[in-house]
Amino acid sequence: DGALLWSRTWMEKPWGLNGLAYDGGRLFWVRNHSASYPDDVHVEAIDPATGATIWNRNISSGYGAGSHPTVAQGELYLVANDSTSKLYALRQSDGADRWPPKGITSGSDSTPSLDGSNVYVSVAGPQTFAFDRATGGERWHYGPCCSGGGGTTTMVYGGRLFAHHGLVHDTRNGLVVGSWGGASAGTPTWSGSLGVAHGYAKLRGFGPTYEATRWVFGIDEYT
């Protein structure tokens with residue numbers, strides 16, 4: 001009936017990402033810890049029925065959260081934004097590290113994406129990384145030049161990684177196999193062989209490939 005079950009309040013930083021994810025009967029909350037230095041990332045597992053904290057921990061970071069959380073199969077992934085940002089892999093059960101954090105240069109704003117074996121992030125440069133979900137070992141790294149702030153939330157589909165700077169990578173080896181419109185064109189989402197993306201004040205349906213437009217719906221983003 002829409003009645004309020006519980007609520008939380010927190011001090012949100014003017015930068016950094018704050019987000020929620022749900023998996024395995026738990027709600028996972030990633031946010032900036034406080035309004036003063038150090039800008040730690042606060043990670044918390046919450047009982048969605050009562051709002052009670054199951055576990056929480058702070059992760060050291062210079063500039064707060066650099067991604068929303070990604071959760072699946074007892075795993076939780078996030079980026080902590082710093083001069084050298086890091087990808088963290090935590091256990092959903094207690095928040096402990098599954099493997100040591102991985103440096104991913106100085107970018108941020110790249111919520112990790114997953115397939116059956118890898119976790120991917122793609123930050124400014126472009127600098128795009130694939131790590132083994134089980135061990136944290138680096139599978140491949142695409143970084144032709146440069147680094148900087150920012151990044152893109154990636155999307156994996158059909159053995160292809162849609163990454164920063166509008167590049168499409170082969171998930172097996174990181175080779176560039178195509179291009180897409182980038183974040184401003186809308187990160188694509190698939191259901192079966194059909195997909196949709198939101199960007200440039202429009203919603204676009206496509207399939208079976210990203211390039212094959214099926215329909216376009218214009219959106220007035222100011223009303």
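Which residue in E12 does Ala130 stand opposite? The answer is Trp140. Keep in mind as you look around that this is a predicted model.

Now step back along the chain to a sheet. Strands of a sheet pair through backbone hydrogen bonds, either parallel or antiparallel. Here we have four strands in an open sheet, ordered E5-E6-E7-E8, and the pairing is antiparallel. Going from one strand to the next, the twist averages 15 degrees. Strands E6 (residues 75-80) and E7 (residues 86-91) are joined by six bridges, and Glu75 has Arg91 in E7 as its bridge partner.

What about the inside? In soluble globular proteins, nonpolar side chains tend to be buried together. The largest nonpolar core in this model counts 15 residues, and Val41, Val43, Ile59, Leu76, Leu78 and Leu90 have the most contacts inside it. Strand E2 (26-32), strand E3 (41-46), strand E4 (53-59), E6 and E7 each give two or more residues to this core. Take Val41: beyond its neighbours within four places in sequence, its contacts include Val30, Ile59, Ala65, Leu78 and Ala80. There is also a second, separate core of 11 residues, with Tyr77, Val79, Phe129 and Phe131 among them.

Methods. Residues are numbered from 1 along each chain as its sequence is written. This is a predicted model: local features need pLDDT of at least 70, side-chain atom pairs count only at pLDDT 80 or more; totals for chains, interfaces and linings use all residues. Side-chain values use heavy atoms; hydrogens and water are left out. Two strands pair if DSSP finds at least two bridges between them. Axes are lines fitted to C-alpha atoms, for helices over the stretch in contact, and angles run from 0 to 180 degrees between N-to-C directions. A nonpolar core is a set of buried Ala, Val, Leu, Ile, Met, Phe, Trp, Tyr and Cys residues joined through side-chain atoms within 4.5 Å. Buried means under 20% relative accessible area, exposed over 50%, partly exposed in between (1.4 Å probe, protein chains only). Contact means heavy atoms within 4.5 Å.
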